[in-house]
Amino acid sequence: MSTLCNDSHSDFILLGFSDKPYLEKVLFWVILIFYGLTVSGNMVIMLVSWLDPKLQIPMYFFLSNLSFLDLCFTSSCVPQMLLNFWGPEKTISYTGCAIQLYVFMWLGATECVLLVVMAFDRYVAVCHPLQYVTIMHSRVCVQLAVLAWGTGLVQSLIQAPATLRLPFCSHRMVDDLLCEVPALIQLSSIDTTYNEIQLSIASFILLVVPLIIILVSYGAIAKAVLRIKSAAGQKKALGTCTSHLLVVFLFYGTVTGVYLTPKDPYVPERGKFLTLFYTVVTPALNPLIYTLRNKEVKGALMRLAKKRWDF
């Protein structure tokens, strides 16, 4: 029997782990806990960065951007995941899917560029400390942040419409946890070579190129740190970079597994778990990484808590 296809804007069905209802119940509570950590942790980072005068420097300006980004990024998909995991209904409207695709692509691409901007900030701080204030003044920081957010928006406005113009089969069953480009391309009923090439080019520009830039930056940082004679100086320089580098590996290590690695038909769950990791786990871990490994953030938290207590 042939499968009928049409262009109507009917609902999609997000299959997720629907064949494993017991796993869905476990994931519901796990994701709910991580989402709570994401919201509270990133809100704390933003408030501390904005309220503490000692953190009014470029590093924490970009960190507050990352926290706001992670908060929006995970909120663009987690509520729908929780609804799907809690009950038998797995549908998402065409409009809801389109909005999720636009927002998810915008924020995901923005994070790729923002992590490069943060690596550049650390490069200037370690390799050119005397010129740091001159190079990274407030106007440049705002321009770099706008560049990151604007690049993500442009990518979303290019890739999302091209994906949504594809005709989809009438069953409209998306074998994924959310409306992502790879899953929607796979669902289409026509030749998607153009979309796949477009996705490959975008993935190279926004994943491979930024990762290379970040690694080159940290290579230069490592050389600069080795030239520092005092152990205390080396430790201080490395302390400002290790947190960011760990965040980079967590994000890129999972995103590249979804967008650059061919999908294994024998292990379809692998991509879904990778999606869960970079949409749910990583945004929750980022505040913990920056807080636990950063004396300035911990000091700011203690000062704010003391002011609150004295008040």
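1. (The expected span is 1.5 Å times one less than the number of residues; helices are DSSP runs of H or I, at least four residues, numbered from the N terminus.)

2. A word on what you're looking at: this is a predicted model, where local features need pLDDT of at least 70 and side-chain atom pairs count only at pLDDT 80 or more, while totals for chains, interfaces and linings use all residues. Residues are numbered from 1 along each chain, and side-chain values use heavy atoms, without hydrogens and water.

3. Back to helix 2: 14 of its 18 residues are buried, so the rest of the structure largely encloses it. Buried here means under 20% relative accessible area with a 1.4 Å probe, protein chains only.

4. One partner is helix 4 (residues 94–127); the two axes come within 10 Å and cross at roughly 160°. Axes are lines fitted to C-alpha atoms over the stretch in contact, with angles from 0 to 180 degrees between N-to-C directions. Helices 2 and 4 are therefore roughly antiparallel (over 145 degrees).

5. Now look at helix 1 (residues 21–51) and helix 3 (residues 78–86): they pack at about 155°, axes 9 Å apart. That pair, too, is therefore roughly antiparallel. Among the residues in contact are W29 and Y35 of helix 1 and F85 and W86 of helix 3.

Methods
Buried < 20%, exposed > 50% of the residue type's maximum accessible area, 1.4 Å probe, protein only. Helix = DSSP H or I, 4+ residues; strand = E, 2+ residues; numbered from the N terminus. Parallel < 35°, antiparallel > 145°, perpendicular 65-115°, else oblique. Contact = heavy atoms within 4.5 Å.
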